Amino acid sequence: MINLRKTAAAISVAAIAITGLSSAPALAEDGAKNMRMISVIDVNPAMAEQWGEAWTEVRNIAMDKGYPHELHVASTRNRRWLITPIENFAGADAVFASRGEVFEKGGKKFEKALAKLQGAELTARTFFSRYDPELSYSPEGAAGGTSLEIDTFSYRIGKGAEMKSLLEDYKKLVESKGIPYGYQVYWNGIGTEG
């Protein structure tokens, strides 16, 4: 929604598992927007409620100021995922420009909400990932209902072929078992983290 922290930290691979693809079309691959800008935020457990309230305020102000970009939010325990579909890296420039406009138009009210939001955060990082249709799994007639699980995996430089082989084997196993839930795999090749 807003550029919480302009971090460019990246991990080597992000596998985003999305179950119930047939009922979660907003995150399903649409062909044009084959990349994701993903922000991962670790929230102070004692301040999770503050973060939620501040996020609602930040989001409402941004929508009121005409923020035009699609954004999906997921959470697990004290981690928040902000996922923005983009067509390519140039799309990130448009997202950042729109976030800058919201910051300018939102005034003191927005600044206060943003400070409250950031005050509840422990860490934040952003990276980019590209959709891999060959490693993704979309069974016909996927079960209904929307649920989302996000898993990220990091591996050492030079081990990309090994990771790809593991994901290929996993897909074969899932297919052989007739698992009714699909998932999408996104790769990130920009640097490493840690």
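**Notes on charge pairs and helix packing**

1. Let me start with K116, which is partly exposed at a relative accessible area of 30%. The cut-offs are under 20% relative accessible area for buried, over 50% for exposed and partly exposed in between, with a 1.4 Å probe and protein chains only. K116 forms a salt bridge with E53, and the closest N and O atoms are 3.5 Å apart. A salt bridge here is a side-chain nitrogen of Lys or Arg within 4 Å of a carboxyl oxygen of Asp or Glu. K116 belongs to helix α2 (residues 89-119) and E53 to helix α1 (residues 48-64), so this pair ties together parts that are 63 residues apart in sequence. E53 is also partly exposed, at 41% relative accessibility.

2. Before going further, a word on the basis. This is a predicted model, in which local features need pLDDT of at least 70 and side-chain atom pairs count only at pLDDT 80 or more, while totals for chains, interfaces and linings use all residues. Residues are numbered from 1 along each chain as its sequence is written, and side-chain values use heavy atoms, with hydrogens and water left out. Helices (H or I, at least four residues) and strands (E, at least two) are DSSP runs, numbered from the N terminus.

3. How many salt bridges are there by this rule? The count is 5. Among the residues involved, D42, R79 and R125 are linked in a network. As background, side chains of opposite charge can pair when their charged atoms come close.

4. R79 sits in strand β4 (residues 79-86) and D42 in strand β2 (residues 35-43), a separation of 37 residues. In the other pair, R125 and D42 form a salt bridge at 3.9 Å, N to O. R125 is in strand β5 (residues 121-131) and D42 in strand β2, so the pair joins parts that are 83 residues apart in sequence.

5. R79, at 26%, is partly exposed.

6. Now for helix α1. Its 17 residues reach 24 Å from first C-alpha to last, close to the 24 Å expected at 1.5 Å a residue; the expected span is 1.5 Å times one less than the number of residues. The buried residues of α1 are W51, A54, W55, V58, I61 and A62. Seen down the helix axis, they fall within an arc of 135°, so they line one face of α1; the arc is that of the directions from the helix axis to the C-beta atoms.

7. What covers that buried face? The cover includes β2, β3 (72-76), β4, α2 and β5. On the other side of α1, E49 and D64 are exposed. After the helix comes G66, whose phi is positive, near 85°.

8. T84 lies in strand β4 and is buried at 0% relative accessibility. Leaving aside neighbours within four places in sequence, T84 is in contact (heavy atoms within 4.5 Å) with M35, R36, M37, E70, L71, V95 and R99. E104, in helix α2, is exposed at 67% relative accessibility. E104 and K65 are 39 residues apart in sequence and 9.8 Å apart in space, C-alpha to C-alpha.
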